[in-house]
Structures are given as C-alpha cells and as structure tokens.
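Please keep the structure in view while reading.

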Amino acid sequence: MFGKGMKPASGSSLCPILRPDTATGCEYLDAKEALKEIKGGRFRPIYVLYGKDRFRLQQFIDFLTEAMFTAEERELGIVKFDTAETPIDEAVLEAETLPFFVQRKLIVIRDASVLAAGGKEGGKVEHHPEKLLNYMEYPSETSVIVFAVHAEKLDERRKLVKTLKERKALVPFPELDAAQLKQWMIKRAAEQNRQLTADAADLLLLRAGANMQQLAQEVDKLCLHAGAGGTIDAGQASLLTPATVEEDVFALVDAIAELRIDRAVRLYRELLVRREEPIKIAALIARQLRIMLQIKELEQHQYSPQQMAGQLGLHPYAVKLAAEKSRKFQAARLGKLLASLAELDYRMKTGAIDKTLGLELYLLSLGMEKGA
C-alpha cells in the first residue's frame, strides 16, 4: 500500500516537525498525504492511527520509524507505552524530555481506553488527558507521538479527540473492500516484477479472506515461486496455497449435487483426518446449501452477482462459485437437504447418534436418491 520505491529521509539530520497551524482543510489526515510528508522529511508532532486494518497501520509506524532513525538509532530513539498499564501523563513527560544520544525520539502509545470509542477511561490506571492537551499547544521539536488505536472508531465526544481532530492528527485505516484488496495484491506482485492474474487474486481472497498480513505472505510466496517476470495464475495459486475447510466442504457439496457419494464420503473422511468436527462439517454443508438456496431466490428477483454479494455479505467470487453449483440443484431438493441436516444436527448434539458415524450414514443415504 505504501510502495516499495519510497525511501524515507536519512536519520542523520534533524527533520522539521510540522506545526499545528499547518494542518488545515480536511479534519482527517489521509495516510498517503502523511506518508508523502514523511518521505519529504517533515513530521507532525502527533499522529493518531486507528481502524480495523492493523496491517497498514503497522506499516505506517514501520515507515515512520525508518524515516526518523538509522538502524543504530532505533533502540535509543523509540519509547513505547500502553495506556492499559501506564498513565498518559508519563508519555507526555517523555515527549517533553530531550532525547539522549539521538537527535529525536518516537513515542509509540498503544491505546484502547483514552481515545477509543467504547474504551473505559476508568480502571486501574488514572489518566489526565489535560496533560496531553497542554502539550499540544507547544509540542516538542524533538519528539513525535504516535497513538496506535486498535479500534474501528474514536470517541469523538471527548475533548482530547475533538482537539486532535482539529489539529488534523487523526489517520484512519479502514479495512479495504474486496476490489481494493484485489488491486493491492496485483500491485504488490507487480512491484516484485511478477504478474498476478485477477483469478489468482480472487482465489487468494477466498482462501485468506481480508487478512492483509496473510494475503501479503501468500502473494510474496507465490512471487518467489514464479521468479522474476513470472505470471501467477489461479492454478498455481491453488496448488501453492492451503485450501480452507470451507473449500473442501464446497467440493463435498458438489459431490452431493452430482450424487457421487463415494467422493463425498472420501472428502468427509479426509476432513476427519484433519481433525475437523463432524458437527462443524455438517454446519458448513448446511451453510453452503442455504447460500445456494438464497442465490436461487435472489436470481428470481434479477439480482446481479455484485448485488447478491452485498445482500449475503459474501465475496463476489464466492457468490460466483455458489451460483454455478446451485444450478445443479432444484430449490425443493435444497430445502429437503437442509431439513434433513437440521434433524441430523439435533440427533448428533443430543447424543441420539454418534457424530462421526451419523454424518457418514447421512451421506451414504443420499446415494439412494433417484435424482431431483
């Protein structure tokens, strides 16, 4: 997201701190704008990083760290606090203290109480936010404070948050949507002189979800395998990334649709070898069948795949696959399978039938169907 070609300023000279009066315009600071400033060797006295995307949030801190210090300076230049254990007063005092043996210091504060929405200001640690409010009037030229708030929102009712917002210190990191994640993965591969196809990116999203840390690891692994100038397609991604339980259950449902009961039982036994719980497997089968039934209903109302994805809260690629599978079933058969699974679930949970044996017998019983 931040680009590999961006080189931070050298840590050998003191770079200017942006004064509060330079922060005008939008009340929130865009991460790209902040990174551009940092790349140019200009730092704000306080950054408040928050949001559900912890991967990009941590990347921001790493980039800022690299911009402010040489490798040798980091141990002396970085001071960390956690508001769950230490009053905010101590972090302010640290910011006011001149650095030793380095020209500036970075104060990283992990926070879940002082700024976060839903955070408890009380508790075992007593904070005095007015200390930080006073500091913000005349911030130190040799300190940069970074709040890392692992919360989706800040409590904008608090005076401290309102003031930080006015100073344009708030940097939000919302989770990227599927399209943005796909674009990000393709760009990450391109930065390594590899081409990641759209289908391969879709498969990675299906398997790894929206976890950017895991997506980054998978993309980098595939890039290493492809080699310089290589292309990564869905086939390679499928072979080199771990399949999810949901995918295997999807294949099992596919076998049920085609009445290939031998394959369904084999897939079920493979899941058991991987220590997956029969009740969980049954629940996942029911979920896939329910999604297909919902898709059939939405198709009758002329919903597009994108609209269905939004309505069902699923990734568009998952909807595409489920829609293809649903064509092998009639709605009545899906309803019948769901009803029989509900009955099986009740019997397994009440001990009326052994869990492992019960689901296998259920799959075998489907072989007696004449079709639907």
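A nonpolar core here is a set of buried Ala, Val, Leu, Ile, Met, Phe, Trp, Tyr and Cys residues joined through side-chain atoms within 4.5 Å. The model is predicted.

**Nonpolar cores**

The largest nonpolar core has 42 residues, and the members that touch the most others are Leu252, Ile285, Leu289, Phe329, Leu341, Tyr362 and Leu363. Two or more residues each come from helix 11 (245–257), helix 12 (261–273), helix 13 (278–300), helix 14 (305–312), helix 15 (316–326), helix 16 (331–349) and helix 17 (355–365). Of these, helix 13 gives the most, with 10 residues. Leaving aside residues up to four places away in sequence, Ile285 touches Val249, Leu252, Val253 and Leu341. There is also a second, separate core of 28 residues, with Phe81, Ile88, Leu132 and Met136 among them.

**Helix 11 and helix 12**

Two packed helices are described by the angle between their axes and the distance between the axes. For helix 11 and helix 12, the angle is about 160 degrees and the axes are 8 Å apart. Angles over 145 degrees count as roughly antiparallel, so helix 11 is roughly antiparallel to helix 12. The crossing of helix 11 past helix 12 is left-handed. Helix 11 contributes Val245, Asp248, Val249, Ala251, Leu252, Ala255 and Ile256 to the contact, and helix 12 contributes Arg263, Ala264, Leu267, Tyr268 and Leu271. Sorted by class, this contact has 10 nonpolar residues, 2 charged residues and no polar ones.

Helix 6 spans residues 159–166, and its buried residues are Leu160, Val161, Thr163, Leu164 and Lys165. Among the elements that cover them are strand 1 (46–50), helix 5 (129–137) and strand 5 (170–172). Just after helix 6, Lys168 has a positive phi.

Lys168 and Gln302 each take a positive phi in a residue other than glycine. Their values are set out below.

How values were computed. Residues are numbered from 1 along each chain as its sequence is written. This is a predicted model: local features need pLDDT of at least 70, side-chain atom pairs count only at pLDDT 80 or more; totals for chains, interfaces and linings use all residues. Side-chain values use heavy atoms; hydrogens and water are left out. Buried means under 20% relative accessible area, exposed over 50%, partly exposed in between (1.4 Å probe, protein chains only). Helices (H or I, at least four residues) and strands (E, at least two) are DSSP runs, numbered from the N terminus. Contact means heavy atoms within 4.5 Å. Axes are lines fitted to C-alpha atoms, for helices over the stretch in contact, and angles run from 0 to 180 degrees between N-to-C directions. Angles under 35 degrees count as roughly parallel, over 145 as roughly antiparallel, 65 to 115 as roughly perpendicular and the rest as oblique. A crossing is left-handed if the near helix is turned anticlockwise from the far one by less than a right angle, and right-handed if clockwise. Ala, Val, Leu, Ile, Met, Phe, Trp, Tyr, Cys and Pro count as nonpolar, Asp, Glu, Lys and Arg as charged, and the others, Gly among them, as polar.
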